[in-house]
Amino acid sequence: MIYRFFHTILQPAIRAWFKRVYLTNVERIPASNPVMFACNHPSSAMDGILLALMLRRPLHFLARSDVFNAPWKRKFLGAIHLLPIYRMQEGYENLTKNDDTFSECFDLFRRNGTIIIFPEGFNVHEKRLRPLKKGAAKLALQAQEAISQDLYIVPVGINYTDAPYPRTEVMVNFGEPILVKENMNLYQEAKPKAITQLTRQLAEHIAPEVIHQNHGTEPLAEHCLTLRRPHWDWSGGDIARLRAEQQICQQVNQLYQENPALYQSLLGEADAYQAALDKAYVTDLQVVRSQQPTAWLWWLLRMVGLPLTWLGKAVNFLPLYLAHRLTIQKVKLVEFVATV
């Protein structure tokens, strides 16, 4: 009941936060089987909130146990479908408590429930898939052994244009499902080997759905994406949006490796252009729109909407101000900004 309550009241909030959500290949999710979503993790709780609000089937989440550190927290978090996972950091003696959590997961799967897990193990605001931990594969194989239904793992890629900030975009794509029972023969013979194999398989299925920027390429890649986006016009269900950003980042990765001098030259030009925009207090999108034949209409709509904009800011000033102050004072990591 509490889950459904938040699912309802947060719908307008998530749609106001994001300028556009690209949700693609949802039809790949098995409709009548238990499902584990294996997802990259760039933006803390926002990743789970986003998927929970975009999907009709109720989701359950595995979260680190240290957030269940008070009776009222355990009760509330349980009501919104969070289950505790105990890590070595919480004490070796607590690891056996994961058996109870896994048992709850098995019961959920027996009822054709859905669970989301982030196999990277932690969240970092980066556009790349980090090495996967083995916990997701271990849970999936143990669950398949315990239940009679066919369990599927659906790989998910969440790609934010600029995760910490509002009125940006996010691309969520569902990959081809993995049928867990295809790994069970190996699991019966050699459990560690099967877990390693399924973990590798997960990485191979998630990676194509994630934008990948090599270390060091981020500055130019982000400049190129910023310059290209104003020229795109796709609907929220078009996978081409994600593929276009992946292609740009792949080209920048290749340039960085093959021609470092040209990379640095282009980065210098892009930095200079951005500095000129900042000095003029305009964005690249505004420059592009000012050159279009319908620029006069765009400016007219902005002028007409200006009173409503200021009215909205006045009405929402207090909660926005408090949220801003809370973020500055309490949030130490950029991954948690959007969630707060």
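At what angle do helix H9 and helix H11 pack, and how far apart are their axes? H9, residues 218-228, and H11, residues 260-280, pack at about 55 degrees with axes 10 Å apart. Axes here are lines fitted to C-alpha atoms, for helices over the stretch in contact, and angles run from 0 to 180 degrees between N-to-C directions. Helices (H or I, at least four residues) and strands (E, at least two) are DSSP runs numbered from the N terminus.

A word on the source. This is a predicted model, in which local features need pLDDT of at least 70 and side-chain atom pairs count only at pLDDT 80 or more, while totals for chains, interfaces and linings use all residues. Residues are numbered from 1 along each chain as its sequence is written, and side-chain values use heavy atoms, with hydrogens and water left out.

Back to the helices. H9 and H11 are therefore oblique to each other; under 35 degrees counts as roughly parallel, over 145 as roughly antiparallel, 65 to 115 as roughly perpendicular, and the rest as oblique. On the H9 side, Glu 218, Pro 219, Leu 220, His 223 and Leu 227 make the contact, meaning heavy atoms within 4.5 Å. Their partners in H11 include Tyr 263, Leu 266 and Asp 271. By class, this contact has eight nonpolar, two polar and two charged residues. Ala, Val, Leu, Ile, Met, Phe, Trp, Tyr, Cys and Pro count as nonpolar, Asp, Glu, Lys and Arg as charged, and the others, Gly among them, as polar.

H9 also meets H10, residues 240-258; their axes come within 9 Å and cross at roughly 145 degrees. Leu 220, Ala 221, Cys 224, Leu 225 and Arg 228 of H9 touch H10 residues including Glu 245 and Ile 248.

Next, the second largest pocket. A pocket, on a 1 Å grid over the protein atoms alone, is an open set of points with protein on both sides within 12 Å along at least five of seven lines, and lining residues have an atom within 4 Å of a point. Its volume is about 1300 Å³, counted as the space filled by probe spheres set on the points, which are joined across faces, edges and corners. Of its 33 lining residues, Lys 19, Arg 167, Glu 169, Arg 229 and Leu 285 are the closest to the centre. H9 and H11 each supply at least two lining residues, but H12 gives the most, with four. The lining divides into seven nonpolar, nine polar and 17 charged residues.

Terms used: 1 Å grid on protein atoms, 1.4 Å probe; cavity = no way out; pocket = protein on both sides within 12 Å on 5 of 7 lines; lining within 4 Å.
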